[in-house]
Amino acid sequence: MSEQINRKLRTRKALLDSALEWVSEGRHFASLSIREVAKKAGVSPNAFYRHFKDLDELALALVDELGLMLRQLMRQARLRGLAANSMINDSVDFFIEQVQTNPNLFRFMAQCLTGGSASTREAIRHELNYFSKELVTDLNRLRVLTHIDAEDLDMIGILVVNTVAMTITDLLDTPEGSDNLIRAVRNRTVKQVRLIFIGADSWRSDSDRHKKKDKEKPAAPKPSKRKKKKRLSAKSDDADV
C-alpha cells in the first residue's frame with residue numbers, strides 16, 4: 001500500500017476519532033461543525049471535504065464502524081457457543097461489555113437515535129433490525145419458541161433488541177467504578193428480556209389460532225337413519241309415479 005493511501009486512511013480515521021472525542025466531551029454530534037471536527041483532527045476544513053461530503057456522511061461512516069465491530073464480536077460469541085438455557089444472560093453480558101469497551105461509539109449511537117439526521121437514524125435502525133434478525137436466526141437454531149410464526153418471531157426479536165438498546169444511556173451515565181449500579185442495570189435488563197420470553201411462550205400466532213379453530217370446528221352432522229329412510233321412501237314413491 002502506497003504512503004499516499006496510508007496518509008488518506010490515517011486522516012479519515014483522525015476525522016472519525018475527532019467526532020467521537022467531541023461526543024465523549026459532552027457535545028452532541030448534531031451540534032458539531034466541520035471546522036471543529038477538522039481542527040481536533042489536526043487537518044484543514046478542505047481536507048475534511050476530501051473524505052466526507054458533510055457531517056451526515058461522516059455520521060454514516062461511524063454507524064458502519066459500529067455495525068462492523070458488532071458483527072465481528074457476534075461471530076466471536078457464536079464461536080464460543082450459545083446455549084438456550086443461558087442465552088439471555090450471556091447476550092446481555094456481552095452487550096454491556098461492548099458498551100463499556102467502546103463508550104464513545106455507543107454514546108454517538110444513543111444521541112443519533114433521538115437527535116440525529118433522518119439518514120443517520122435510518123442507518124442505526126437498519127443495524128438494530130440486522131441484529132434482531134440474527135437473534136431470530138439463533139432462536140430458530142436453538143429450537144426456541146417453535147410454536148410462533150415467522151412474522152411474530154421477527155417482532156419478538158425487534159422487541160428484545162430495542163429493550164437492550166435502551167440500556168445504553170443508563171450504562172453510559174453510570175460513574176466509573178460503580179459496579180453495583182452496572183449490576184443493577186444488568187439484572188433489570190435480564191429480567192425485562194425474560195418477561196418478553198415468558199409472554200412469548202404463552203403467545204399464539206394468528207396462523208396458529210386459525211389452525212386450532214379449524215380443528216375445533218364440529219364436523220357436519222350425519223343424517224339420521226330415519227331421515228335416510230324418509231328420503232329413500234320419497235324416491236321410491238317418485239319412481240312408482
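Colleague: Which helix is threonine 169 found in?
Modeller: Threonine 169 is in helix H9, residues 168–172. Helices are DSSP runs (H or I) of at least four residues, numbered from the N terminus. This is a predicted model: local features need pLDDT of at least 70, side-chain atom pairs count only at pLDDT 80 or more, and totals for chains, interfaces and linings use all residues. Residues are numbered from 1 along each chain as its sequence is written, and side-chain values use heavy atoms, with hydrogens and water left out.

Colleague: Why does threonine 169 count as partly exposed?
Modeller: Because its relative accessibility is 40%. Buried means under 20% relative accessible area, exposed over 50%, partly exposed in between (1.4 Å probe, protein chains only).

Colleague: New topic. How many aromatic pairs are there?
Modeller: A search of the whole structure finds five. Rings of Phe, Tyr and Trp (its six-membered ring) pair if their centres lie within 6.5 Å; planes under 30 degrees apart are stacked, over 60 edge-to-face, the rest tilted. Tyrosine 130 and phenylalanine 131 pair edge-to-face, with 5.2 Å between centres and 85 degrees between planes.

Colleague: Is phenylalanine 131 buried or exposed?
Modeller: Buried, because its relative accessibility is 13%. Tyrosine 130 has 25%, so that residue counts as partly exposed.

Colleague: What sits over the ring of tyrosine 130?
Modeller: The charged end of arginine 71, 3.7 Å from the ring centre. The test: NZ of Lys or CZ of Arg within 6 Å of the ring centre and within 35 degrees of the ring normal.

How values were computed
Helices (H or I, at least four residues) and strands (E, at least two) are DSSP runs, numbered from the N terminus.
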